[in-house]
Amino acid sequence: MRGRDRTIAPCLALFVCGCAAERAEPVDPLEGPSDPVEAARAFVADARVRRAALEASVAVADTPYARARLDHYSLSGTSSASARPSPRPSPDSGRGSLVPSSSDPIADWDLAPVLEPTVRPLRVSRHEVEEAGPVATLAPDADLAAFVAAGRDAFERYPVHIDPRFAVLREGREVVDRHGLDVREDGTVRGAVEVLVPDGRWLVALTCAACHGATTANGDYVPGLTNDRLALSELLGDPRWAPGTMDVTGDAIENPVRPPDLRPIRFQERLHHSGNLANGRIARMVRIDTLLAERLAFEARPDRSIVAAISLYLDSLADTSPASPLSSDAEAVFARSCASCHRGDSRSGPVVDVARVGTDPLATSGARATGGYRAPSLVGVADRGALLHDGSARGLRGLLGLEPSEHRGHPFGTELDVADRELLARALGPR
Ligand code: HEC
Ligand code: HEC
């Protein structure tokens, strides 16, 4: 496993030079300091920490996504001249309607002003005056629990996609439901807020929870789980994307994907369906920081302590995600047919060439393209509805050929006899 390789190499280096006693343990730039709060503080305060994590994270694939970030992210933290900004293509695709455009991106996003959005809940029946305020606040001496709590707040309330077309969500419960969002018991909409914009208007915005939070059949809200019901295409008045999918890149190529289950985020060997980023605690913070900067058209940036809080909150979701120890029979089948890609306890793996995995190749074009898809972590897979990067497989039974499914590719396991496939589906599937 990657984690193991990383810890062994530095130990050997120390052993060889014999200076372990004098020197602090070398820090993996992707992970940062081993204490999460220390990592958060280093990410917030030190451009070199952010820059080193970015460089290590994008090193696994040369993509336009990576280059835009190398050109603009935490430049003061770079030690090499290779990071001089180069002219970048306009992020506006004219088609990828989730990506705002900027005519004049700020050379170093660190210098962009910090945006502190004022939000209030979106309510389907408006009969009370709402408390408006900041998304979340963190004391300077916040501990891990405080970071995670602030992150949970921001996950539910940070205005990520602000769009006048979302105003239809004000029309009431039925419209909210039709577009795939839920109304909480107190009448507020989950996954959407109202945000105050500079001209004094309140606009409806989607939060992380709109795409990365779902209510299960028995009514439990599961943060991190993909919201398969979200009908974003319809919400934007544009029926191009299949339900539950969306194009979140501004690369002028129509390649909608499904929001991944974020609960196992810290177990993923790579980030994104295409696996164009190496993963690590600081790398995830950088990923979220640049996501929000991009949403702000690179003219402003989020408060970094909130970014760190969201990231530590997501890391904490792995503890809520059902671990599925397999019976020894199922484990043996899994080891034979699946574990070469879905490796170790995390059951996640590297990028597999699209010619080999055989799933829809569309998302191997565009800003994040690597020519393949990562093997995603299977931790928590029992709760997922639509599977694969484009959501084309309906559940494990569909993927394993036990039930009809529209997807193509991922033939792995379908060669097994029915009894073994049933065994796998039961072991990994819903209890
Ligand atoms: C409009 C829907 C939408 C919203 C809102 C949204 N995301 Fe995502 N998110 C996606 C999609 C789609 C992807 C997959 C992108 C890819 O793989 O290229 C994704 C991917 C991610 C990933 C990488 C996951 C992985 O397994 O590699 C992280 C982390 C993430 N989002 C965090 C967030 C956070 C934090 C927020 C709120 C600040 C947020 N997202 C808001 C749609 C959304
Ligand atoms: C050769 C590598 C490889 C093998 C072997 C393999 N997988 Fe996968 N698996 C992948 C890749 C790559 C993806 C992502 C494909 C995509 O999104 O288009 C994937 C996706 C999945 C998904 C969808 C997860 C999600 O959240 O979308 C499931 C479930 C899965 N695999 C289960 C299995 C099982 C069970 C086996 C053994 C029977 C197996 N895989 C064998 C590479 C592999």
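In the predicted model, an oxygen atom of ligand 1 is placed 2.7 Å from an N or O atom in the side chain of Arg368, a polar contact being a pair of N or O atoms within 3.5 Å (within protein, one must be able to donate a hydrogen and the other to accept it, and residues adjacent in sequence count only if both atoms are side-chain atoms). Another oxygen atom pairing of ligand 1 involves Arg374, with a polar side-chain atom at 2.9 Å, while a polar side-chain atom of Arg287 lies 3.4 Å from a nitrogen atom of the ligand. As this is a predicted model, local features need pLDDT of at least 70 and side-chain atom pairs count only at pLDDT 80 or more, whereas totals for chains, interfaces and linings use all residues. Residues are numbered from 1 along each chain as its sequence is written, chains are lettered from A and ligands numbered from 1 in the order in which they are written, and side-chain values use heavy atoms, with hydrogens and water left out.

Ligand 1 is surrounded by 24 residues, of which Cys208, Cys211, His212, His272 and Arg368 are the closest; a residue counts as near if one of its heavy atoms lies within 4 Å of the molecule. This shell comprises 16 nonpolar, five polar and three charged residues, where Ala, Val, Leu, Ile, Met, Phe, Trp, Tyr, Cys and Pro count as nonpolar, Asp, Glu, Lys and Arg as charged, and the others, Gly among them, as polar. Helix α9 supplies the largest share, four residues. The iron atom of ligand 1 has a single protein donor, His212 (NE2), at 2.1 Å, donors being N, O and S atoms within 2.8 Å of the metal (3.2 Å for Na, K and Ca), and water is not among the atoms, so sites may look incomplete. His212 itself belongs to helix α7 (residues 208-212), helices (H or I, at least four residues) and strands (E, at least two) being DSSP runs numbered from the N terminus.

Around ligand 2 there are 27 residues, with Cys338, Cys341, His342, Thr359 and His410 coming nearest, and they divide into 16 nonpolar, seven polar and four charged. Oxygen atoms of ligand 2 are approached by polar side-chain atoms of Thr359 at 2.7 Å and of Arg258 at 3.2 Å. The iron atom of ligand 2 is coordinated by His342 (NE2) and His410 (NE2), at 2.0 to 2.1 Å. This pair links distant parts of the chain, 68 residues apart, with His342 in the loop between α11 (328-337) and β12 (351-353) and His410 in the loop between α13 and α14.
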